[in-house]
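The following note sets out several points on the model shown below.

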Amino acid sequence: MQTLEAIAKRKSTRDFNPNKPVSSVVVDMIVKVGCQAPVGGNHRESLHLTVCRNREILDEINRSTAAAMKIEERDFFYGAPVAIFVSASEEQMAPGIELANAACVIENMLIAATDAGVDNIYLWGAVQALSRNKEMCKKMGIPEGFKPVSAAAIGYSLSGEAQPRELSVSLDTNYI
């Protein structure tokens, strides 16, 4: 698949098949592509990736997130068999750059996943609750001084393959 085709085909999936695993080879490729993302100031040491295939941990994150948000428990990972968390050092060179850096990493991974035929979604809300749960972060092996800032869930959709969209200018845009 060409890059523009993968971009046109990528969509957020909210109905993963929890019983259909993603191969380790594909997960490793997706992580490697994420590591090729641009990072402000080339401060790659300011980011850390955590690949979670452990359903018990994802369920525990679901429970703690729902409790923190004071909402009914639900699956914030939509049944995905894999979640890849991007954590950032609490010491950054500029305010907010950790979010931009994480977004670049996630976008690379989502496009790589789409190219490999793996469905995906960008996650943020549940990750924010997780970032305040130091005990859970420690359990996940997130280094001291880092906090999760975003994540990607990957797997295979129950509803079938995404259809490509026509690339268009769909955001308010002006040209000068």
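1. A residue is called buried under 20% relative accessible area, exposed over 50%, and partly exposed in between. The model is a predicted one. With a relative accessibility of 27%, R55 therefore counts as partly exposed. D59, at 28%, is partly exposed as well.

2. How many salt bridges does the structure hold? There are 3. In one of them, the side chains of R55 and D59 meet with an N to O distance of 3.2 Å. Both residues belong to helix 3 (residues 55-69), where they are 4 residues apart, about one turn of the helix.

3. A further salt bridge links R55 with D75, and here the closest N and O atoms are 3.2 Å apart. Because R55 is in helix 3 while D75 is in the loop between helix 3 and strand 2 (82-89), this pair ties together parts that are 20 residues apart in sequence. D75 has a relative accessible area of 26% and is thus partly exposed.

4. The salt bridge between K139 and E60 has its closest N and O atoms 2.7 Å apart. Since K139 lies in helix 6 (residues 134-139) and E60 in helix 3, the pair ties together parts that are 79 residues apart in sequence. Are K139 and E60 buried, partly exposed or exposed? K139 reaches 51% relative accessibility, so this residue counts as exposed; E60, at 23%, counts as partly exposed. As for shared partners, salt bridges join R55, D59 and D75 into one network.

5. On the surface, a nonpolar patch is formed by L4, I7 and L167, which together have about 270 Å² of accessible area. L167 is located in the segment after strand 4 (146-155). The relative accessible area of L167 is 49%, and this residue is therefore classed as partly exposed, given that exposed means over 50%.

6. Which residues of helix 2 (residues 24-34) are buried? They are V26, V27, I30, V31 and G34. Viewed down the axis of helix 2, its buried residues fall within an arc of 135°, so they line one face of the helix. V25 and K32, on the other side of helix 2, are exposed.

7. What do the buried residues of helix 2 pack against? Their packing partners are strand 1 (47-52), strand 2, helix 4 (97-115) and strand 4.

8. The pairing of strand 4 may be read from its bridges. Strand 2 and strand 4 run antiparallel and are joined by 8 bridges. Strand 3 (residues 119-123) also pairs with strand 4 in the antiparallel sense, over 5 bridges. Which residue of strand 4 stands opposite I84? It is A152. A152 is also the bridge partner of Y122.

9. In summary, the charged pairs include the R55, D59 and D75 network and the K139 to E60 salt bridge.

Definitions and conventions. Residues are numbered from 1 along each chain as its sequence is written. This is a predicted model: local features need pLDDT of at least 70, side-chain atom pairs count only at pLDDT 80 or more; totals for chains, interfaces and linings use all residues. Side-chain values use heavy atoms; hydrogens and water are left out. A salt bridge is a side-chain nitrogen of Lys or Arg within 4 Å of a carboxyl oxygen of Asp or Glu. Helices (H or I, at least four residues) and strands (E, at least two) are DSSP runs, numbered from the N terminus. Buried means under 20% relative accessible area, exposed over 50%, partly exposed in between (1.4 Å probe, protein chains only). Patches are made of residues with over 30% relative accessible area and no salt bridge: like charges are joined within 9 Å, nonpolar side chains (Val, Leu, Ile, Met, Phe, Trp, Tyr) within 5 Å. Accessible areas come from the Shrake-Rupley method with a 1.4 Å probe; for residues, only the protein chains shown count as cover. The arc is that of the directions from the helix axis to the C-beta atoms. Contact means heavy atoms within 4.5 Å. Two strands pair if DSSP finds at least two bridges between them.
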